[in-house]
Amino acid sequence: MTDNTETKTGAKANIIDILKNVDRRYIFLFILLAVIIPILFPLNLPIGTSAPVRNIYDFVEDLPEGSVILMSFDYSPSTEIELDPAAEALLRHAFRKKHKVIGIALWPMGLSQAQRVFAKIEKEFPEVEQGKDYVNLGYKAGGSVILMGLKEGFAKIFPTDDKDTPIADLPLMNKVKDISNVDLVVSLSAGVPGIKEYVAIVNTQFGKPVAGACTAVSAPEMYTFLDSGQLLGLMGGLKGAAEYEQLLQKPGNASLGMDAQSIVHIVIVLFIIFSNVVYFMDEHQKKQAALK
Amino acid sequence: MFFTSLNNIVSLNMDNGFFMAAAQTGVKLGTGEIVGTWIAALLTICIFSFLYDDNPLYKFAEHLFVGVSAGYTMATAFHNVIKPNLIMKLQEGFHLLSKGQIGYRCWENLSYILPGILGIMLILKLVPKIQWIARWPLSFMVGLASGLGVVLTMEAFILKQVSATLIPLLVFNSQNAFLWAPSLKNIIIVLGVCSGLIYFYFSKEHKGPVYGTFSRFGIVVLMMAFGAAFGYTVMARVSLLIGRMLFFRDQWWPAVTALFGGG
C-alpha cells in the first residue's frame, strides 16, 4: 500500500516535471496551427465595430462630395499587414464618396506602400484619375518640419509628385494650395514620425481634424488622444482595419485575419491557464513533500 | 520589409514575358514575380527557422536583411533628400549665378550650401582624428529638435492632456437628468490619473489610509494599462505571422502552381 502510494506520488511528480519543462517549440507549433487553420478554412466569426473606428467612417461619410482627404503613409512593409488593409479600406471609402485624396509619406518606404495601395484600389474605380482625383506626392524627410511647412503650401515641400510631374501640372493641386484646403488628415502610422506629430502640429497648431490608423503595438497610447478630442478616430491594428472593412461591407485581408487572431488568443489564454495549473500543482507537491 | 522590397526589386528588373504561367487564381505571373516570390518565401522560412534553433540559414537571412535595408535607405535618402534638396538647388543656384541673374532666387538656392557643409561636417564623425567637428552640426540638430519639441510637446501632450482630465465628475443632460455611464467614466479617468501620479511620487512613503490607498489603486491602474498594452502587442505580433501566412497562400502558392502546374 505504502509502496503503491509512493509510486503514484513519484509518477505525479514526474508528470509535473515534464509539464513544467514543456519545450517552447510546442507552443510555436500550436500558434502556427491556430493561424494556418482559420486562414485555410475561414470561420467568419462576427466582428463588432467600435466607436473610434465608426467615428472615422461617419466623418468620411458625412463629408460633402469632392472634399479633400490627406493620407500620410508613415509605415514600411514590415507593418503592411496591419496598415495596408486600413489604407485600402479608407481609400475605397473616399473614392466611393467621390472625395479627393492626397497621399504623402513621412517614411522612406511609405512612398512604395502608397503606390501599391493607390494602384490596387484605382482598379476598382475606373472613373478615378491620377492627378485629378488623387495625387501621390511621395516621401519627404523631416517629419515635424515637413508638417509645419504644410501651412506654407504643398508646392514648396513637394514640388513634384511620385512620377516627377510638377505640382503645378496636377489639376487637384491647383485647388489645394495648403493644409487649410484639406478637410481630413489621416496618418497611417507605424511609429515616429506619425500620428503623434500630426496631433501635435496639424491638429493642435492648425486645428485640422486628424484621424489615425496605427499598429496594434502603439494603439494603447493613442487612446489618450481620442479621449482628449485630439484624434477624431482610430483604427488600431488589424482589428481596426477589419472593423472598417465591415462598415464598408467589403471584407478583405483584415477581416480574414481576425479569425486567426481570435483562435490564437484562445490558444494563448489556454496556455496561460495550463501553466498556472501546473504551477499550483507544483507548489502543492512541494508543500506535501515538506510536510513529510 | 525586406521580403516585399526584394519581391518588388526582382519583379521590376526581370523579364516578365518569359515563363508566363497561369496561376491557380487565374492571375498570370511573370518570371520576375515567380522568382521574387520564391526568394521571399525561402527567406521567410529561413527567418522562421530561428524558432527551432539558431542556425546559419537564419544568420544569412538576417544579414541580408540588414544589408538590403541599409542600402535601400541610403539610396532612398539620396534620391528623395540629398538630390532634390541639395544637389538640384545648388545646380540651379550656380546656373543662375553663371548667367548673371543674381537675385533672391539665386541666393536662396545658393544658401543650401550651408546645410551641405553641415552635412559634410556630420560625416567627419567617421574620421577619428577630426571627429570633434561633427559636434557642431549635431549641436545644431539637437538645439533645433529641442526648440521644436518643447513648444509642440507642451501644448499638444501636456496642456491638452491635462485639460482633458479637468472634467465634471457628475454628468447631467440638458433636462438635468443624471447620466451614470459618462459620470462613472469621468470618475475613473480622474481617479486613475491622480492615483497614477501619486504612485510616481517617491518623496513620501506609500503608506496611510489616503496616500497608501491611492498609490495601491495607482498600481492597479498601471497594471491594467500594461495588460492592455501587452494584449495589443500580442495582437500585433500575431498579425505579422498572419501576414506571412497570407503571403504563402495568396502569392507563394500561385507561384508554386505556376512553376509546377499543380492545382
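Colleague: How many salt bridges are counted between chain A and chain B?

Modeller: This is a predicted model. A pair counts when a side-chain nitrogen of Lys or Arg lies within 4 Å of a carboxyl oxygen of Asp or Glu. For chain A and chain B, the count is one salt bridge.

Colleague: Which residue of chain A forms a salt bridge with B:Lys185?

Modeller: The closest N and O atoms of the pair are 3.6 Å apart. The cut-off is 4 Å. The partner of B:Lys185 is A:Asp227.

Colleague: How many nonpolar residues are on the side of chain A that touches chain B?

Modeller: Elements that give two or more residues to this side include helix H2 (24-40), helix H10 (219-227) and helix H12 (253-291) of chain A. By class, the side has 13 polar and nine charged residues, and its nonpolar residues number 28.

Colleague: How much area do chain A and chain B bury between them?

Modeller: The contact takes 50 residues from chain A and 41 residues from chain B. Of the buried area, 71% is on carbon and sulfur atoms. The area that chain A and chain B bury between them is about 3900 Å².

Colleague: Is B:Ser195 buried or exposed?

Modeller: B:Ser195 lies in helix H7 (residues 180-199) of chain B. Leaving out residues up to four places away in sequence, B:Ser195 touches B:Phe214, B:Phe217 and B:Gly218. Buried means under 20% relative accessible area. Because its relative accessibility is 0%, B:Ser195 counts as buried.

Colleague: What percentage of the residues of chain B count as buried?

Modeller: Chain B has eight helices and four strands, in the order α-β-β-α-α-α-α-α-β-β-α-α along the sequence. The chain has 263 residues, and the part that counts as buried is 27%.

Definitions and conventions. Residues numbered from 1 in each chain as written. Chains lettered and ligands numbered in written order. Predicted model: local features only at pLDDT ≥ 70, side-chain atom pairs only at ≥ 80, totals over all residues. Heavy atoms only, no water. Contact = heavy atoms within 4.5 Å. Buried area = accessible area lost by both parts, 1.4 Å probe. Nonpolar A, V, L, I, M, F, W, Y, C, P; charged D, E, K, R; others polar. Buried < 20%, exposed > 50% of the residue type's maximum accessible area, 1.4 Å probe, protein only.
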